[in-house]
Amino acid sequence: MSDEPRDKPEDEFREMLQSFLSGNSDIDPSKLASAAGLPSDPAAVSQLMAQLQNAMRASSDGVNWDAARAQAKEIAGAGSLSVTDQTRGQLDQALHIASLWLDEVTGLSGSTEAPRLLTREEWATTTIPVWTEIAEPVALSISDALTDVLKEQAPEEMAGMIAGASQLMRNLGGTLFAMQLGQIVGRLAQEVVSGGDIGIPLLEEGQAALVPQNIAVFGEGLDIPAEEVQLYLAIRELAHARLFRHARWLRLHVISSIREFAQGITIDTERLEQLAESFDPSDPEELKEAMASGALIPPKSEQQLHALSRLETTLALIEGWVDVVTAQASARLPRWNAIAETVRRRRATGGPAESAFGALIGLELRPRRLRDAAALWQTVTDAVGQEERDALWSHPDLVPTSADLDDPAAFVARLQAGEPEPDEMDQALEDLLREEEGRGGDREGGDRDGGDRGGDQPPAP
């Protein structure tokens, strides 16, 4: 090797990392994989090393989500079963009946696009674009924090080397994060029964989908005929899809709200510095625990708490409406209540993959006020009927707020009083004022997005 000084210090740093990734170092790559919360079997470690090498060669500055897609596809594909003709026939019939029954309890029309029957692998590859979209702000924050800490913690003789390799480190950090996300999505694919099962809109607007293999697992041990389980879950999924098809603003609002929340997440650099100082490559459990528990994400700011409250209210209202409509449409099923209770318990506890997502992003997928939202929608249905109930989804300013969940009777009283809807001029002015208020933040300690209807109302898209 030449003794000539290098023009680019990052080249030296790149060679040092290349030496590690090639196995020519004292650090065990399997321990790095374990510390990152990834599988440490030989095949997984080999894939990790290959993805990190690709990140080193990347010229772009950001997160290469190909690592997430590859990881999700591999994990979901393990044990993924194709849909048999018999199962397809059964579920097609269930979806047809579900659509007819939903027509009786809601005026929201179904999609002209036929529902899809997905394998686990297909669910993972179909939904990964939305997962990466909502996770990107956190991935960039982690990558930048990692770079900053390395710059501060590096020995003086390596300062120039690290400073010149900031893009490289961001790429490596982003790749590790992407692989973690891919693992979570792959594991979720082994649990979910439909496109809307998680609660957030992962598919295109109005698209419905079922995962037959997971529906079969869901029904095991319930002592309920498989046909009833299939029909109940088909009703739930079609109700979810109909809502998002009708409320055109809703999908964009939910996804942008999650991204807005995620963009406010910062990384606890002090904690990261402590980990960097004490990290023992032979015992990576401390780093693994910090990443898996969300310890690197500091407590939420007041602004984030407001945003989270609005988001949780929206998600609860969506799930609550689906619960009420599904209960009405499935009333003919002898054991519908038992299936519904299983869905509620499963939703309340979540699963390991959901917990991992909550730690990684700082956002729990299951809304806390779902029972309150279902109770409100049932009260509205009883008071004014399904048509007026469903009309509330036509505009974000008509949807109930968190305050309405606290007092459904007052909300119903306003509906029965026939409060006039804002005309176009009033609505345009209100939207403009709300936008200006949003730019000013919460300086006055309150959130006025909802105008006179309460601070938890989501802004118009």
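Trp65 is buried, at a relative accessible area of 9% (buried means under 20%, exposed over 50% and partly exposed in between, with a 1.4 Å probe and protein chains only). The model is a predicted one, with pLDDT of at least 70 needed for local features and 80 or more for side-chain atom pairs, while totals for chains, interfaces and linings use all residues. Numbering runs from 1 along each chain as its sequence is written, and side-chain values rest on heavy atoms, with hydrogens and water left out.

Rings of Phe, Tyr and Trp (its six-membered ring) are taken to pair if their centres lie within 6.5 Å; planes under 30 degrees apart are stacked, over 60 edge-to-face, and the rest tilted. That rule gives two aromatic pairs. In one, the ring centres of Trp65 and Phe177 sit 6.3 Å apart with planes at 75 degrees, so the pair is edge-to-face. Trp65 belongs to the loop between α3 (42–57) and α4 (66–77) and Phe177 to helix α8 (residues 166–188), so the contact ties together parts 112 residues apart in sequence. Helices here are DSSP runs (H or I, at least four residues), numbered from the N terminus. Phe177 is buried too, at 2% relative accessibility.

Then there's Trp377 with Trp393, a stacked pair: 5.4 Å centre to centre, 25 degrees between the planes. Trp377 is in helix α17 (residues 370–384) and Trp393 in the loop between α18 (386–391) and α19 (402–406), 16 residues apart. Both tryptophans, Trp377 and Trp393, are buried.

As for helix α9 (residues 212–219), six of its eight residues are buried, among them Ile215 and Phe218. Just after α9, Gly221 adopts a positive phi of about 80 degrees.

Methods
Helices (H or I, at least four residues) and strands (E, at least two) are DSSP runs, numbered from the N terminus.
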